[in-house]
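User: I am new to this structure and would like to learn how to read it feature by feature. Could you take me through it, giving the general idea before each case?

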Amino acid sequence: MKTIMNTFKGVCYLCGSIGPTENHHIFPGVPNRKNSEKYGLKVYLCPYCHRLSKEAVHNNKKSMLKVKRDGQKAFEQIHGDRQQFINIFGKNYLE
C-alpha cells in the first residue's frame, strides 16, 4: 500500500494495537477515494478502529475527522499548499 502517512501494516494507526489491520482510504467517495489512492492518503486500522466499534472511523465523526486532519497535514507537508488540497478534496479540515 502506497501511503504518505506514518502507518504500518499490522499496527493500528489510531490505537497502536498489533495484529490484523485493514486498509482505510482517508477521503471516501467519488472522486476522493481515487485521490486518496493517488496521493497515498491511506492508513492501516485494526478492525475495531476501522468498522466494528462505535468509535470506529466509519461509525464516529470525531474519529473520522482526526484521520482526515492528519491526512491533510501530511499532504500539506509534502505538497506545501493548502489551496491545492482544497481544490482536490473540496474542503479544509484544519480550520
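User: Which residues is Phe 27 in contact with, leaving aside its neighbours within four places in sequence?

Analyst: In soluble globular proteins, nonpolar side chains tend to be buried together. In this model, which is predicted, Phe 27 is in contact with Asn 32, Arg 33, Ser 36, Leu 41, Lys 68, Gln 72, Phe 85, Phe 89 and Tyr 93, once neighbours within four places in sequence are left aside. Phe 27 also belongs to the largest nonpolar core, which has 19 residues, and Ile 26, Phe 27, Leu 41, Phe 75 and Phe 89 are the ones that touch the most other members. The elements giving two or more residues to this core are β2, α3 and α4, and the largest share, four residues, comes from α3.

User: How should I read helix α3, and what do its buried residues pack against?

Analyst: An α-helix has 3.6 residues a turn, so residues three or four places apart point the same way. Here the buried residues of α3 are Ser 63, Met 64, Val 67, Lys 68, Asp 70, Gly 71, Gln 72, Ala 74, Phe 75 and Glu 76, and they pack against β1 (22-25), α1 (32-39), β2 (42-45) and α4 (82-89). The length can be checked too: at 1.5 Å a residue, the 19 residues of α3 (residues 61-79) should span 27 Å, and the end C-alpha atoms are 26 Å apart, which agrees.

User: What is found at the start of α3, and what follows the helix?

Analyst: At the start, a side-chain oxygen of Asn 60 comes within 3.0 Å of the backbone nitrogen of Lys 62, while the residue that follows α3 is Gly 80, with a positive phi near 60°.

User: Where does Ser 53 lie, and which residues does Ser 53 touch, not counting residues up to four places away in sequence?

Analyst: Ser 53 lies in the loop between α2 (47-52) and α3, and is buried, with a relative accessible area of 6%. Not counting residues up to four places away in sequence, Ser 53 touches Tyr 48 and Asn 59, and a polar atom of the Ser 53 side chain lies 3.0 Å from the backbone oxygen of Tyr 48.

User: How many bridges join β1 to β2, and which way do the residues of β2 point?

Analyst: The two strands run antiparallel and are joined by four bridges, with His 24 standing opposite Val 43 in β2. From β2, Lys 42 and Tyr 44 point one way and Val 43 and Leu 45 the other way, and all are buried.

User: How many disulfides are there?

Analyst: A disulfide is read from the distance between two cysteine sulfur atoms, which must be within 2.5 Å, and by this rule the count comes to zero. The sulfur of Cys 15 is 3.7 Å from the closest cysteine sulfur, in Cys 12, which is too far for a bond. Cys 46 is in no disulfide either, the nearest cysteine sulfur, that of Cys 49, being 3.7 Å away. At 45% relative accessibility Cys 15 counts as partly exposed, whereas Cys 46, at 7%, counts as buried.

Notes:
Residues numbered from 1 in each chain as written. Predicted model: local features only at pLDDT ≥ 70, side-chain atom pairs only at ≥ 80, totals over all residues. Heavy atoms only, no water. Expected span 1.5 Å × (residues − 1). Buried < 20%, exposed > 50% of the residue type's maximum accessible area, 1.4 Å probe, protein only. Contact = heavy atoms within 4.5 Å. Polar contact = N/O pair within 3.5 Å; in protein donor to acceptor, adjacent residues only side chain to side chain. Core = buried A, V, L, I, M, F, W, Y, C linked by side-chain atoms within 4.5 Å. Pairing = 2+ DSSP bridges.
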